[in-house]
Amino acid sequence: MNPFSSGTRLRDMIRSIRACKTAAEERAVVRKECAAIRAAINENDPDYRHRNLAKLMFIHMLGYPTHFGQMECLKLIASAGFPEKRIGYLGLMLLLDERQEVLMLVTNSLKQDLNHSNQYIVGLALCAMGNICSAEMARDLAPEVERLLQFRDPNIRKKAALCSIRIIKKVPDLAENFINPSASLLKEKHHGVLITGVQLCTDLCKVSPEALEHFRNKCTDPLVKVLKDVVNSPYAPEYDIAGITDPFLHIRLLKLLRVLGEGDADASDSMNDILAQVATKTESNKNAGNAILYQCVETIMSIEDNSGLRVLAINILGRFLSNRDNNIRYVALNMLMKAIAVDAQAVQRHRATILECVKDSDISIRKRALELVYLLVNESNVKPLTKELIDYLEVSDQEFKGDLTAKICSIVERFSPEKIWYIDQMLKVLSEAGNFVKDQVWHGLIVVISNATELHGYTVRSLYRAFHSSVEQESLVRVAIWCIGEYADLLIKNSGMLAGEESLDVSTTDAIDVVEVAINHHSDLTTKAMALVALLKLSGRFPSHSQRIKDIIAQCKGSLLLELQQRAIEFNSIIEKHQNIRSTLLERMPVLDETTYSGRRDGSLPTAPVKIPSGVAKPADAAPLVDLLDLGSDDTPMPGSSGNDFLNDLLGVDLSSTPSQPGASQAPNLGTDVLLDLLSIGNPVDSTSPTIDSLTPSKDSKSPLAALDALSSPSISAKASSPAGSGSMMDLLDVVSPVKPAPADNNGPAYPSAIAYESSSLKIMFDFSKPPGKPQTTNIKATFTNKTANAYSDFIFQAAVPKFLQLHLDPASGNTLPASGTGSITQSLQVTNSQHGKKAIVMRIRIAYKLNNKDVLEEGQVNNFPRNL
């Protein structure tokens with residue numbers, strides 16, 4: 001006998017471990033005990049094996065390794081006595097799991113014990129199998145378990161049912177063997193066996209369609225009768241909990257009825273009466289009753305349609321919302337979110353109670369209630385619900401303002417009945433929680449304001465009032481200074497007054513003060529940059545205050561932020577030296593297209609299908625050719641836009657021919673091509689106007705720095721050849737125009753070669769020719785030259801043109817481009833211009849190749865095609 005193992009009993013070891021004051025002392029005691037247990041195992045000591053295993057289980061619960069004692073479990077299980085088997089099975093369930101290979105050795109012992117004459121040993125084997133049964137063990141022992149479902153003792157039948165649940169989860173193929181035995185368990189009078197039988201039937205329905213159909217046809221009415229008996233049963237002290245007879249059995253039966261009634265009208269009809277009885281008779285003042293009611297509601301909402309029952313169920317959830325228990329309110333909110341998809345009108349009746357939950361002190365209830373309110377909003381109730389949420393926004397916690405603000409903004413945007421209401425609500429949100437508003441929200445507000453022409457005056461006055469009361473709200477300040485920059489004249493003149501609106505006495509100085517406060521009060525780059533743009537706009541609206549505006553802008557010349565520094569220098573240059581174009585340059589922004597903005601924000605803009613020319617491979621990593629154009633349409637002008645290129649959208653500058661009479665109106669040019677807008681290419685201008693070829697150098701064209709020098713050059717005004725200085729403005733903004741046509745000789749038109757694209761690594765030359773009698777068609781020969789010392793492989797050239805052009809690409813002469821210009825690749829293109837003489841040819845190109853086994857992608861824009869090509 002091992003003196004170390006027998007000398008310490010389990011209680012003594014526990015006492016000594018608890019007496020340890022440090023972790024080191026505890027480890028020392030555990031090491032000593034483990035060493036004694038190992039010695040006893042090595043000596044194969046049978047007398048104290050059960051005591052040693054009990055110690056190992058306690059050591060295992062403390063988190064120390066006990067794998068060396070696993071075989072002792074098997075030895076105890078193989079013993080003949082009940083006490084040894086009990087400790088052995090307990091150790092087996094605690095020290096091993098189904099992934100242990102040692103478990104394979106215990107299958108035979110389990111089989112023997114399942115057939116043992118002692119029902120207590122049978123119970124031990126069923127408990128162990130129900131806890132650690134593996135798929136292999138389930139297949140081997142399923143017949144024994146199935147037989148025990150009919151055992152004489154109810155405790156064995158209960159344990160066999162629990163073990164069967166694990167078996168069918170591990171091996172669903174065995175489910176059909178348990179259908180008939182489990183159905184017989186539903187007739188049991190013993191509640192313990194009945195609960196496990198109901199649970200076994202529920203799990204069988206989930207894993208086997210055959211079982212579901214069998215129980216649905218044969219067991220629905222018996223189950224309804226069982227539930228009715230339980231509901232109407234007299235007081236039974238052994239099953240009573242808080243005055244309710246066996247709520248656990250109630251809940252199990254309701255769950256099984258839900259599974260049987262879901263998707264089956266006949267089964268649902270047969271259980272309607274008992275569900276109504278449970279819903280009306282169960283008391284809701286105790287937790288057990290609330291659990292039954294919740295399960296009853298879930299069953300009602302899951303079975304086939306019965307509008308009366310569903311209204312009753314939703315009313316129960318409404319009562320739950322008034323309960324003081326947060327857990328009950330939370331599950332009620334969860335269930336109402338599911339119920340709103342089934343019967344939204346019934347949920348709407350509890351709108352006031354749900355709104356109160358939004359103001360609850362528990363953050364989880366607030367968030368769930370807010371999500372439910374969001375689902376409740378529709379066109380008919382958007383105004384009162386939004387008012388309630390905005391009123392609560394004023395007093396809500398800081399950590400909740402972000403979620404609340406996002407939901408309010410989404411509600412207002414989705415269900416706004418009119419623009420003035422939308423603007424009012426958004427201004428309230430920005431005033432209360434502008435710092436929590438996402439950028440896309442105030443971007444969208446600006447787009448709506450831009451489109452609401454009749455509300456410009458009202459909006460700028462409302463923003464002016466809100467600015468003085470909420471100057472710390474960043475998003476509000478941004479929208480306010482944008483509107484003041486655009487519509488300050490309406491603010492000062494009180495233009496566009498609405499009925500019942502109070503007028504404001506605002507001077508030009510007051511408007512400039514607002515923008516100056518925004519610059520000084522806020523450190524955000526975006527806010528300061530927008531304020532500088534607003535000041536520049538105000539200098540055009542009120543030229544007499546240009547000096548003060550110039551002084552304010554000059555404060556940012558020394559900014560450490562390059563963006564602000566650059567803007568300050570450029571804007572001051574415009575104010576000082578370019579008064580002749582300032583009024584045109586600083587015109588009011590054109591109306592922004594709401595549909596386009598919403599589509600780009602949501603990522604839902606349509607894309608045109610792209611055809612890859614025959615013989616041209618598409619790179620695996622290359623984006624679609626439509627990305628080259630970034631267009632959805634190329635023949636529809638932006639609504640409300642009167643300009644000819646992208647700068648018109650950006651700055652409100654009209655680069656088309658200006659009217660000769662000051663103040664004369666000009667009709668919008670509906671022929672403007674959206675592609676030209678996006679590519680920054682203006683409509684063809686008079687040949688007497690200065691033109692710039694950005695890609696082809698010539699002695700008459702400007703150097704690359706000329707456009708930058710234009711901002712600071714006082715001689716720019718001398719170049720004006722038309723009223724309002726449109727030619728000078730072309731130079732100032734470096735807008736690319738089609739080049740002058742080359743002189744034609746008597747032998748037919750001839751066009752010079754052009755450098756279509758050139759970088760540090762690649763050069764592309766275009767040679768032009770036209771077939772006789774086809775002025776709309778242009779043949780282009782593209783020549784590609786490698787400027788680096790490494791050859792390019794897998795060379796692919798792609799091009800894209802707008803819809804009024806048709807493009808055909810012939811296969812390239814090769815796909816390997818030699819290094820250092822020692823060779824070239826050629827490829828022929830044919831372009832047909834359906835609007836020849838009206839619109840110039842434009843093209844975007846993409847070149848893909850491999851350099852040292854690395855993919856390289858270059859893109860460019862060809863805008864130096866000869867005119868009248």
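Helices (H or I, at least four residues) and strands (E, at least two) are taken as DSSP runs, numbered from the N terminus. The model is predicted, so local features need pLDDT of at least 70 and side-chain atom pairs count only at pLDDT 80 or more, while totals for chains, interfaces and linings use all residues. Residues are numbered from 1 along each chain as its sequence is written, and side-chain values use heavy atoms, with hydrogens and water left out.

The side chain of R541 comes to 2.7 Å from the backbone oxygen of L586. Contact is defined as heavy atoms within 4.5 Å. Leaving aside residues up to four places away in sequence, R541 touches G485, E486, L586, E587 and R588.

Next come the helix pairs. Two packed helices are described by the angle between their axes and the distance between the axes. Axes are lines fitted to C-alpha atoms, for helices over the stretch in contact, and angles run from 0 to 180 degrees between N-to-C directions. Angles under 35 degrees count as roughly parallel, over 145 as roughly antiparallel, 65 to 115 as roughly perpendicular and the rest as oblique.

Helix α4 (residues 49-61) and helix α6 (residues 82-95) have axes that come within 10 Å and cross at roughly 25°; the two are therefore roughly parallel to each other. On the α4 side, the contact is made by H50, L53, L56, M57, H60 and M61, and on the α6 side by I87, G88, L90, G91, L94 and L95. For residue classes, Ala, Val, Leu, Ile, Met, Phe, Trp, Tyr, Cys and Pro count as nonpolar, Asp, Glu, Lys and Arg as charged, and the others, Gly among them, as polar. The contact of α4 with α6 then holds 8 nonpolar, 4 polar and no charged residues.

For helix α14 (residues 220-231) and helix α16 (residues 265-281), the axes come within 10 Å and the crossing angle is roughly 5°, which makes α14 roughly parallel to α16. T220, D221, V224, L227, K228 and V231 of α14 meet A267, S270, M271, I274, Q277 and V278 of α16. This contact of α14 with α16 comprises 7 nonpolar, 3 polar and 2 charged residues.

Helix α10 (residues 154-170) packs against helix α12 (residues 191-207) at an angle of about 15°, with the axes 9 Å apart, and α10 is thus roughly parallel to α12. Residues in the contact include R157, K158 and K169 of α10 and D203 of α12. By class, the contact of α10 with α12 has 8 nonpolar, 4 polar and 4 charged residues.

Turning to the sheets, two strands pair if DSSP finds at least two bridges between them.

Strand β9 (residues 843-851) is joined to β6 by 6 bridges, and A800 is partnered by R844 in β9.

Note on methods:
Polar contact = N/O pair within 3.5 Å; in protein donor to acceptor, adjacent residues only side chain to side chain.
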